[in-house]
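Trainee: I have a new structure open and I'd like to learn how to read it. Could you take me through it feature by feature?
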Amino acid sequence: DMIAGALPPTGACETAAIIGMVGKDCVGIASDTRLGIQGQTVATDFTKVFQMNDTAFVGLAGLATDVQTLSEHLEYRLALYKMREDRDMSPKTLSALMSTMLYERRFGPWFVEPIVAGLQDGKPYIFASDLIGAGVEAKDDGFVVSGTCADNMYGMCESLYKPDLGPDELFETLAQSLLAAVDRDAMSGWGGVVHIMTKEGVTTRHLKARQD
């Protein structure tokens, strides 16, 4: 498994659970909201998914400081791109940029596992990478996962995912997959957030989860 095991030892690693999933002319990304170091919960409202522009989200699972650092670096690079090109960066170009940025730091990497979800020319697009930028576009599976309970999320997504889900069905599938997976992982959970992107715009819903 390319993604599982890429994060640093749990003693140095904040926890996460992130799912990207495609539907019919829509795409979704969901994450938990816990910030913790092993069993110690530090916060329950930590942002792990960032909207880069009108067509792309980035989800970052991993070390909290690196999550914030990489998200700020990406926002800076996207702002430069928009100034030079006078247009927003597409999700596919964003994925290539992020892979390059991660590979540049391969000898002292950011401890993050990114997921990109967005609409590429109006069609759903998802991409997942490990911490040195080795990525894959999930054209056939329909979903990608990242974080400490990746195995749990794989199982739930394989059970619940169907092709050509509408926006409401996609939200329900993402929410149920995330909540069922984090309930079986002591290192993630404590709430969740789901973003659904369509041609009309973005819908964000927050989830209540077990607080234990």
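Predicted model: local features only at pLDDT ≥ 70, side-chain atom pairs only at ≥ 80, totals over all residues.

Trainee: Where is the place of threonine 148?

Mentor: Look in the loop that runs between strand S10 (143–147) and helix H3 (150–160). Helices (H or I, at least four residues) and strands (E, at least two) are DSSP runs, numbered from the N terminus.

Trainee: Which side chain does threonine 148 join in a polar contact?

Mentor: A polar contact is a pair of N or O atoms within 3.5 Å; within protein, one must be able to donate a hydrogen and the other to accept it, and residues adjacent in sequence count only if both atoms are side-chain atoms. Here the partner is the side chain of aspartate 185, at 3.3 Å.

Trainee: Now the whole protein. How many helices and strands does its secondary structure come to?

Mentor: You'll find 4 helices and 12 strands. The radius of gyration is 16 Å, close to the 17 Å from the globule rule for 212 residues, so the protein is as compact as a globular protein of that length. That radius is taken over C-alpha atoms, and the rule is 2.2 Å times the number of residues to the power 0.38. Along its principal axes, the C-alpha trace spans about 45 × 40 × 30 Å.

Trainee: What percentage of the 212 residues is buried?

Mentor: Buried residues make up 55% of them. Serine 95 is one buried example, with a relative accessible area of 2%. Serine 95 sits in helix H2 (residues 91–104).

Trainee: What does serine 95 touch, not counting residues up to four places away in sequence?

Mentor: Contact means heavy atoms within 4.5 Å. By that test, serine 95 touches Val116, Tyr125 and Phe127. Across the protein, 62% of contacts between residues at least 6 apart in sequence join residues at least 24 apart.

Trainee: Then there's methionine 197. Is methionine 197 buried or exposed?

Mentor: Methionine 197 counts as buried, at 0% relative accessibility. Strand S11 (residues 192–198) is where to find methionine 197. Leaving out residues up to four places away in sequence, methionine 197 touches a list of residues, including Asp25, Phe57, Gly118 and Val202.

Trainee: How about backbone angles? What is phi of aspartate 121 near?

Mentor: Phi of aspartate 121 is near 55°, a positive value in a residue other than glycine. Aspartate 121 belongs to the loop between strand S7 (112–120) and strand S8 (123–129), and counts as exposed at 73% relative accessibility. Aspartate 164 also has a positive phi, about 60°, although it is not a glycine. Aspartate 164 is in the loop between H3 and helix H4 (167–182), and is exposed, with a relative accessible area of 57%.

Note on methods: Residues numbered from 1 in each chain as written. Heavy atoms only, no water. Buried < 20%, exposed > 50% of the residue type's maximum accessible area, 1.4 Å probe, protein only.
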